[in-house]
Amino acid sequence: MTTDPDSSGQTVVRLDDVHKEYGDAKALNGVCLDIRAGEAVAVMGPSGCGKSTLLNMVAGLDRPTSGTVQVHGQDLGTLNETGLALFRRRHIGMIFQFFNLIDDLPALDNVALAAQLTGTSARQARRRALELLDELDIADRKDAYPAALSGGERQRVAVARALMNRPALLLADEPTGALDSRSGEQVMDLLIDLNQIGQTLLIVTHDPRLADRCASRLVEVADGRVARESTLEPTR
Ligand SMILES: Nc1ncnc2c1ncn2[C@@H]1O[C@H](COP(=O)(O)OP(=O)(O)OP(=O)(O)O)[C@@H](O)[C@H]1O
Ligand SMILES: [Mg+2]
C-alpha cells in the first residue's frame, strides 16, 4: 500500500519545532513532522540521534523543552499528567524492543488489562483480548506467562495489548530488535496487515528491511533533527 503524500487525510501527529534538552545535552533540536491517518512512517538514524526521544514525545511519556506536539488533534502540552495518561491509554498503542509485558500476568490478562484501565469491564476486556490473540494467531498461548513465551510470541502479545483500545496511532520502538529473523518477519507481516486495514504506524528502527517492508515514508533523523524525508516504494 502506498500513501498519497497529497491526500488530505486527517493529521494524526504534528510536531512543530520540538526541542528537548537533558541538562546540557540536546536530544531534539527543532523537529517538525506531520503524519496523516493511514500512513506508515519509519524513523531511522544513528544511535543517540534522538529517535526514542521523538517517540516518547509523541506518546506523551516525556514533554518537550519547547515546541508543540499534537496527536489526534490534541495539543499534549495542555494536558496534565493524569490527562496525558488517559489520552495515551485511549488513543496510543505502544510496542517496545523488549515487550514490556507484566511478568506475573498470563498473556490474556496482559492484553485485557489495557482495556480495564480505560474502564471496560473485566468480562468485556477479556473477550476482546481473546479475539485479538486469536487474530494474531496466539490464542493457544493465552494462559502462558511471559517467561514461557518465545520472543516472537511475546511481541505478538504486546501488539495485541497495544491494539486493545483501537488506538489512532501505533508507535513501535525497535519492534524486531530483540527477535530472530523469522519472528521478526512475522512481526513485520503483522505491522503490514495492520497498516493495510488503516492503522497509522510510527516505527523507529535500525533495520532497513523493516522500513522497506512496512513503511510508506522514511524519516531520517540526525543530531536531533529531521535530516531527510523520502517516500518508499513498498517491497512487500
Ligand atoms: N532521560 C535522559 N536523560 C539524559 N539524556 C538522555 C535521556 N534520554 C535520552 N538522552 C540523550 O539524548 C540523546 C538521544 O537519545 P535517544 O534515546 O533518543 O537516542 P536514539 O536515537 O533512540 O538511540 P538508539 O538508536 O541507541 O536507541 C542521547 O544523547 C541520549 O544520551
Ligand atoms: Mg532508541
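Predicted model: local features only at pLDDT ≥ 70, side-chain atom pairs only at ≥ 80, totals over all residues.

Visitor: What holds paired strands together in general?

Guide: Strands of a sheet pair through backbone hydrogen bonds, in either a parallel or an antiparallel manner.

Visitor: In which sense do β3 and β9 pair?

Guide: Strand β3, residues 40-44, pairs with strand β9, residues 217-222, in the parallel sense over 4 bridges. Within this pairing, A42 stands opposite L218. On to β10: β9 pairs with that strand, residues 225-231, in the antiparallel sense over 6 bridges. L218 has S230 as its bridge partner in β10.

Visitor: How many residues lie between the strands in the hairpin of β9 and β10?

Guide: There are 2 residues between them, and D223 in this hairpin takes a positive phi near 50°.

Visitor: Let me pick a residue. Is V41 buried or exposed?

Guide: V41, which is found in strand β3, counts as buried because its relative accessibility is 0%; the cut-off for buried is under 20%.

Visitor: What does V41 touch, leaving out residues up to four places away in sequence?

Guide: V41 touches I35, L201, L202, I203, A215, R217 and V219. One of these, R217, is also the bridge partner of V41 in β9. V41 and C214 are 173 residues apart in sequence, while their C-alpha atoms are 8.3 Å apart in space.

Visitor: Now the sheet of 4 strands. What is its order?

Guide: It is an open sheet with the order β2-β1-β4-β5 and antiparallel pairing. Its edge strands are β2, residues 25-36, and β5, residues 74-75, each of which pairs on one side only.

Visitor: How many bridges join β1 and β4?

Guide: Strand β1, residues 11-22, and strand β4, residues 66-71, are joined in the antiparallel sense over 5 bridges. For example, V13 has V71 as its bridge partner in β4. Helix α1, residues 51-59, lies across β1, β2 and β4, at about 125° to β1.

Visitor: Changing topic, what volume does the largest pocket have?

Guide: Its volume is about 450 Å³. The lining consists of 17 residues, and R89, I92, M94, A114 and R161 lie nearest the centre. By class, 10 are nonpolar, 4 polar and 3 charged.

Visitor: Which element gives the most to that lining?

Guide: Strand β6 gives the most, with 4 residues. At least two residues each come from α2, β6, α3 and α5.

Visitor: And what about the second largest pocket?

Guide: The second largest pocket has a volume of about 310 Å³. It is lined by 13 residues, with L132, E135, L163, L194 and I197 nearest its centre. Helices α4 and α6 each supply at least two lining residues. The lining divides into 7 nonpolar, 2 polar and 4 charged residues.

Conventions: Residues numbered from 1 in each chain as written. Chains lettered and ligands numbered in written order. Heavy atoms only, no water. 1 Å grid on protein atoms, 1.4 Å probe; cavity = no way out; pocket = protein on both sides within 12 Å on 5 of 7 lines; lining within 4 Å. Points joined across faces, edges and corners; volume = space filled by probe spheres on them. Nonpolar A, V, L, I, M, F, W, Y, C, P; charged D, E, K, R; others polar. Pairing = 2+ DSSP bridges. Contact = heavy atoms within 4.5 Å. Axes fitted to C-alpha atoms, helices over the stretch in contact; angles between N-to-C directions. Buried < 20%, exposed > 50% of the residue type's maximum accessible area, 1.4 Å probe, protein only.
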